[in-house]
Amino acid sequence: MADEHVPPQSSYHRDSIKSSVHNSSAQRRRQLAVAVGKERREALIRTKRLCREALFENNEASLEGDMNIDEERAVLNSQASQIIEDLKSAMTYQGKGAAQKKVEALRALRRLLSKSEIPPVKAALQAGAVPLLVQCLSLGSPDEQLLEAAWCLTNIAAGEPEETKSLMPALPLLVAHLGEKSSVPVAEQCAWALGNVAGEGDELRNILLAQGALLPLARLMMSTKGSTARTASWALSNLIKGPQPNAATELISIKGVLDSIIQHLRNLDDELATEVAWVVVYLSALSEAAVSLLVKSDVVHLLVGKLAASESLQLLIPVLRSLGNLVAADSYMTDMVLVVGHNTTDQILLGLIKCLKSEHRVLKKEAAWVLSNIAAGSVGHKELIFSSEATPLMIHLLSSAPFDIRKEVAYTLGNLCVAPAKSAEQPSIIVHHLVALVNRECISGFIHLVRSADIQSAKLGLQFLELVMRGMPNGEGPKLVEREDGIDAMERFQFHENEEMRIMANGLVDKYFGEDYGLNE
Amino acid sequence: MESSGVEELGLASGWWIASRRRLMPDDPFFSAGNIERELLAKQVALDLTEDERYQLQKMEVANTEPVFCPIVGCAARLNCLEDFEDHYHARHTASCSVCSRVFPTSRLLSIHISEAHDSFFQAKVARGFPMYECLVEGCGVKLKSYKSRQQHLVDKHKFPATFEFYKKAHPSKHQRQKHQRRQGSYPKDASKHTDMDLDRKSSKQIYHKYRPKKASLKEGKETEMEVEERMDDLVSAVSKLSTTDSSPSSISFGHRHARGFAFIPRSINKNGKQTAQSEAKG
C-alpha cells in the first residue's frame with residue numbers, strides 16, 4: 001500500500017483533497033453521526049484529536065455498505081481482536097522478516113483505529129494492545145515501527161478518559177522519542193499522542209510534566225517545519241493550561257521560546273499562528289513572568305495586526321483572548337503599549353469593533369470584555385472608545401444581545417462614564433458620556449440587568465442607576481429612572497435573599513425617591 | 001486588581017468603580033470559545049453539519065449552571081437566566097390592586113390586603129382580637145398589634161429590628177396624580193393632619209405611622225400614644241364609611257417612602273418549596 005509516506009497529520013490538509021471525497025462516504029458518515037449522537041458530540045468538543053488517514057484511502061474499507069452501527073461495531077471489534085493476535089505473534093516471531101511482520105500488524109491496527117467513526121478502542125485495549133505497543137516503542141526500533149505504534153497510541157488516547165489513562169505505561173517512551181535524535185515524523189506523532197494525554201486532565205498533565213515532557217515539546221515547537229511546530233504547539237497548549245501556573249512559567253523561561261513564538265506569528269501560515277496563539281493564551285493567563293515579557297515584546301503588535309486583518313474565526317478566538325488576558329493582567333498594556341494616538345491602539349480598536357460586529361457570539365462577548373478593560377484605563381482611552389463606532393454598536397447590543405454579551409457591554413459602557421478612581425474617594429462621573437448614553441436609552445438595558453437573577457449583573461445595573469441618579473444634570477436622574485420602571489426593579493430587592501443587594505437597592509430608593517421626590521413638579 | 005481599597009469602599013456603598021477584570025482560563029466565561037476551538041479543529045475531519053452545530057450550541061447552553069430564584073423562600077430552579085424573568089412574573093408579582101404594592105407570595109399579599117385595606121380587619125383589631133398574623137408560614141401565631149407582631153418576628157424568627165412589612169409602593173407619576181384627584185372628595189381630618197400633609201402629590205395621609213427621618217425632625221417624634229390615638233380615629237372614620245367590599249382607593253396606610261428594610265428570612269417557607277401560584281400582576 002502506498003500509504004506509508006502519508007504524513008499522519010493529513011487531516012490538516014483536508015481541503016486540498018476534498019475533491020476526491022466519495023459522496024456516499026460523506027453521506028454515510030452523516031447517517032452514522034446521527035445514530036452515534038451523544039458519543040459523537042462528546043468527541044467533537046474534546047480537547048483531544050484523533051489522527052485520521054487521508055481520505056483517499058477510505059475506499060479500501062469493506063465497511064462502507066449497508067451495515068448499521070451495531071453490525072459495524074461487531075465487525076470492528078472482532079477485527080481488533082484478530083489484529084492484536086496477529087501483532088502478538090509478530091512480536092514473538094524470530095525469523096526472517098520479523099520487523100516487516102511487526103510493521104504490517106501495527107499498520108493494520110493503526111488503520112482500524114483511524115478509519116471508522118467508532119474506532120474499536122475498547123476491544124483493542126481488552127485484547128492487550130497497550131503492552132504490545134509499549135514493546136514496539138522500545139528505543140532503537142525502526143522508525144516505521146515507532147511511527148505506527150505512536151499513531152495507534154495517539155488514537156487510543158483520543159477517546160474517553162479511561163482509554164487515555166491506559167497509555168500510562170507508554171508515557172516515558174513517548175517522551176523519550178520526542179528527543180532531537182528521533183526522526184521528525186516519529187517525534188511529531190509522539191507529540192500528538194502526548195497532546196491527547198495532556199488534554200485528558202490535570203493529573204495526567206502533572207505526570208507528563210514530572211516526566212520532563214515540557215522541554216522536548218518546546219524544542220519541537222521551535223521547529224521550522226510547519227506541521228511539527230503546529231502539532232507541538234497544540235500539545236503544549238494542552239500541557240500548560242493549568243490550572244497550576246508552573247508549566248506556563250517554565251515554558252516562557254526556556255531559551256528561544258519567545259522568539260520562536262514571534263517568528264511563528266509573523267508567518268503567513270494561519271493554522272500555525274492559531275496553535276501558537278493558544279500557547280500565548282495560556283502563557284498570558286497563568287504566568288506573570290510571561291505577561292511581563294509578552295507585553296514588552298513584538299507579540300502584542302503581531303496579535304493586534306492579526307486581530308485587525310484576519311477573517312478566520314479559528315485564529316481570531318485565541319488572538320482576541322491573548323490580547324484580553326494581557327490587557328487584563330498588566331496595566332503596562334494601557335499605560336505604555338496601547339497609548340492613545342499610537343497606531344497599535346487604533347488597530348486594536350478596529351479589530352475589536354470588527355469582532356463586535358461579527359455574527360459569532362464568542363467574538364462579541366470576548367471583545368466586549370477586552371473593551372471593558374481598556375475602558376477602565378485613562379480618560380483618554382474612554383474618550384477614544386466613546387467617540388468610536390464601538391459605542392453605538394454596544395448600545396445596540398445592550399438591548400438586543402444574549403445575556404452574557406449584554407453583561408460585558410454593560411461593564412464597558414459603565415466604565416466609559418466613570419473617571420479612574422483615586423484612593424478612597426468616590427469616583428467622579430464623566431457627565432457628557434453619561435448624558436449621551438442616557439439619551440440613547442441605555443437606562444432600560446441596565447434596568448433589565450437589575451432584574452436579572454445573576455447577582456453580579458443586578459449589582460452592575462444598580463451601580464449604573466446610581467450614576468444616573470447622582471450624575472445627570474438638573475437632578476433629572478431619578479425621573480428618568482422612574483420612567484423606565486426603575487423603582488419597581490429596585491423594590492424587587494425587598495424580598496431578595498442577598499442582604500447586600502437589599503441594602504443597596506433600598507438605600508437608593510430611600511435616597512432618591514424619598515419624601516421630597518416629586519414635590520417640585 | 002487595582003485600587004482595591006476604593007473598590008471595596010465602592011462595593012460597600014454601591015458605586016461604580018471602573019477596574020480591570022482578569023479571568024482564569026478555566027472560567028466558564030471562556031467555555032464557549034473553547035468549545036468553538038475544538039469544533040473548528042475537527043469539523044473538517046468529522047464533517048460537521050449545521051444541525052449538529054445547532055445541537056452542540058444547545059448542549060452548551062444546557063450545560064450551564066442552573067439558576068436559583070433569589071427571592072427569599074423560593075429557591076426555584078431554572079434552566080437558564082432567560083427563564084428567570086418568566087418565573088418571576090409567574091410567581092412573584094402578586095400585586096395589590098389597591099396600592100400597587102407587589103408581594104412575592106400570595107399569602108403575604110392577602111395578609112397585606114387584610115391589614116392595609118380591610119376595614120373589617122381594623123374593626124376587629126379595635127375590639128381587641130389578635131388579628132396580626134405572623135408572617136412566617138406555618139407559625140400560626142396571631143398578635144393584637146402591628147408592633148407586637150413585629151416584636152414576635154424579631155424575637156422568635158430573628159427578623160432584623162428595622163424590618164417593616166408596611167411600605168407603600170412608589171406609584172408612577174400618573175398614578176400619583178390619579179390618587180391626588182381622587183383625594184379631593186375625601187373628608188379631611190383637619191386639625192391633626194394639615195401640618196403633616198407634606199406631600200401634595202401623594203394621596204392624603206390620614207395615618208402617618210412611618211416617616212423618614214427628615215419628616216420626624218420637623219414634626220417631632222410620634223409616641224406610641226399618638227399612634228394608638230390615630231388608630232382610633234382611623235377606625236372610627238373607617239367605620240363611618242359604607243362597608244362595601246372594595247375599600248376606597250384613596251385610603252392608604254404607611255407613609256409613601258418609609259425607611260427600613262423589608263426582610264423575610266428563608267424560614268418563612270419552611271418546606272423550601274414554592275408556595276402556591278400567586279396572582280399574576282394585574
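1. **S141(A).** The model is predicted; local features need pLDDT of at least 70, side-chain atom pairs count only at pLDDT 80 or more, and totals for chains, interfaces and linings use all residues. In it, the backbone oxygen of S138(A) lies 2.5 Å from a polar atom of the S141(A) side chain. A polar contact is a pair of N or O atoms within 3.5 Å; within protein, one must be able to donate a hydrogen and the other to accept it, and residues adjacent in sequence count only if both atoms are side-chain atoms.

2. S141(A) sits in the loop between α6 (129-136) and α7 of chain A. Helices (H or I, at least four residues) and strands (E, at least two) are DSSP runs, numbered from the N terminus. S141(A) counts as buried, at 13% relative accessibility. Buried means under 20% relative accessible area, exposed over 50%, and partly exposed in between (1.4 Å probe, protein chains only). Leaving aside neighbours within four places in sequence, S141(A) is in contact (heavy atoms within 4.5 Å) with C136(A) and L146(A). From S141(A) to R266(A) the separation is 125 residues in sequence and 38 Å in space, C-alpha to C-alpha.

3. **Helix α15 of chain A.** R266(A) brings us to this helix, residues 257-266. Seven of its 10 residues are buried, so the helix is largely enclosed by the rest of the structure. Among them are V257(A), I261(A) and L265(A). The buried residues of α15(A) pack against α12 (214-221), α13 (226-240), α14 (246-253), α16 (270-286), α17 (288-295) and α18 (299-309) of chain A.

4. Side chains of opposite charge can pair when their charged atoms come close. Here a salt bridge is a side-chain nitrogen of Lys or Arg within 4 Å of a carboxyl oxygen of Asp or Glu. K48(A) bridges to E200(A), with the closest N and O atoms 2.6 Å apart. This pair links distant parts of the chain, 152 residues apart: K48(A) is in the loop between α2 (38-45) and α3 (69-92), and E200(A) is in the loop between α10 (184-198) and α11 (202-210). K48(A) is buried at 4% relative accessible area. E200(A) is partly exposed at 21%.

5. **A buried pair.** R107(A) and E148(A) also form a salt bridge, their closest N and O atoms being 3.4 Å apart. R107(A) lies in helix α4 (residues 98-115) and E148(A) in helix α7 (residues 143-156), 41 residues apart. Both R107(A) and E148(A) are buried.

6. R107(B) forms a salt bridge with E133(B), at 3.5 Å between the closest N and O atoms. R107(B) is in helix α5 (residues 106-117) and E133(B) in strand β5 (residues 132-133), so the pair ties together parts that are 26 residues apart in sequence. E133(B) is partly exposed, at 28% relative accessible area. Salt bridges also link R49(A), E275(A), R37(B) and E38(B) in a network.

7. **Chain B overall.** Chain B has 11 helices and six strands. Of its 282 residues, 46% are buried.

8. **Conventions.** Residues are numbered from 1 along each chain as its sequence is written, chains are lettered from A and ligands numbered from 1 in the order in which they are written, and side-chain values use heavy atoms, with hydrogens and water left out.
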